[in-house]
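This report describes selected features of a single protein chain.

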Amino acid sequence: MIEKISHHIVMYAIAKGEVDEKDYDIYKYGFWIGIELCISIIVSVLCAISLDSLIELILFLSIFAPLRAFAGGIHLKTFKNCFLLSIGSLILILSIVKYCNLPVILLNWGILCLLVLIKFVAYKKEKTVSEKRFFQSKLDITIISIACINILFNIYGINKLVFLIFLTLLLELFSISAENIMYNYNVRV
């Protein structure tokens with residue numbers, strides 16, 4: 001369905017003279033990805049609103065998106081599978097943060113360990129030297145930023161958001177590990 005919508009948008013743009021016909025595939029792919037992203041964001045916001053966790057969603061995305069971009073993670077074969085896993089993970093994390101808690105000392109030790117593990121696991125990826133240097137420098141900045149944000153939440157005693165950081169990092173570590181397993185064993189999901 002998203003493919004058909006993308007097709008119609010591009011055909012309309014071609015008919016209006018906004019897009020050259022030779023660029024059809026590029027624009028169709030761009031609109032397709034854009035529509036999928038919009039659907040994911042809208043559903044995520046609706047889930048967060050239903051859980052009264054909009055601030056938590058913003059923090060989750062602020063941490064998860066750059067980690068995912070620079071450290072990697074599992075890529076599922078279809079949008080449907082990716083969407084269901086992503087929304088399910090988001091709802092689970094927001095619900096755990098809303099209804100559970102752990103001692104802040106345990107969370108902080110966990111965050112420290114997870115940041116180190118993410119850096120180590122992401123470093124093991126096979127890339128060219130220049131790619132490795134680029135992604136590692138961006139990952140380092142992301143990790144330092146997350147550590148600083150965590151320190152601020154600790155200073156202000158916002159333990160719920162410290163818990164959210166911990167769970168977000170745990171999710172990213174699982175995602176990277178799943179990607180590595182799939183890559184090493186040539187599994188397609």
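Asp140 is partly exposed because its relative accessible area is 29%, where buried means under 20%, exposed over 50% and partly exposed in between (1.4 Å probe, protein chains only). Its side chain meets that of Lys119 in a salt bridge, at 2.8 Å from N to O; a salt bridge here is a side-chain nitrogen of Lys or Arg within 4 Å of a carboxyl oxygen of Asp or Glu. This pair links distant parts of the chain, with Asp140 in helix α6 (residues 129–155) and Lys119 in helix α5 (residues 104–123), 21 residues apart. Lys119 is likewise partly exposed, at 28%. Helices are DSSP runs (H or I, at least four residues), numbered from the N terminus.

The model is predicted: local features need pLDDT of at least 70 and side-chain atom pairs count only at pLDDT 80 or more, while totals for chains, interfaces and linings use all residues. Residues are numbered from 1 along each chain as its sequence is written, and side-chain values use heavy atoms, with hydrogens and water left out.

**Salt bridges**

The structure holds 3 salt bridges, listed below.

| Pair | Closest N to O distance |
|---|---|
| Lys28 and Glu3 | 2.9 Å |
| Lys160 and Glu56 | 2.8 Å |

Lys28 forms its salt bridge with Glu3; Lys28 lies in helix α2 and Glu3 in helix α1 (residues 2–15), so the pair ties together parts that are 25 residues apart in sequence. Lys28 is buried, at 14% relative accessibility, whereas Glu3 is partly exposed, at 39%. Lys160 forms a salt bridge with Glu56, and this pair joins helix α7 to helix α3 across 104 residues of sequence. Glu56 is buried at 7%, and Lys160 is partly exposed at 41%.

**Helix α7 and Glu172**

The 27 residues of α7 should span 39 Å at 1.5 Å a residue, and the end C-alpha atoms are 39 Å apart, which agrees; the expected span is 1.5 Å times one less than the number of residues. Glu172 is found in this helix, which covers residues 159–185. Leaving aside neighbours within four places in sequence, Glu172 is in contact (heavy atoms within 4.5 Å) with Phe64, Leu67, Arg68, Ala71, Gly72 and Ile118.

**Ile39 in helix α2**

Ile39 belongs to helix α2 (residues 24–50) and is partly exposed, with a relative accessible area of 30%. Not counting residues up to four places away in sequence, Ile39 touches Ile2, Phe79 and Phe83. Ile39 and Phe83 are 44 residues apart in sequence, and their C-alpha atoms are 9.0 Å apart in space.

**Positive phi values**

Most residues other than glycine have a negative phi. Asp52 has a positive phi, near 55°. Asp52 sits in the loop between α2 and α3 (54–71) and is exposed, at 63% relative accessibility. Asn186, which follows α7, also has a positive phi, near 55°.

How values were computed: Helix = DSSP H or I, 4+ residues; strand = E, 2+ residues; numbered from the N terminus.
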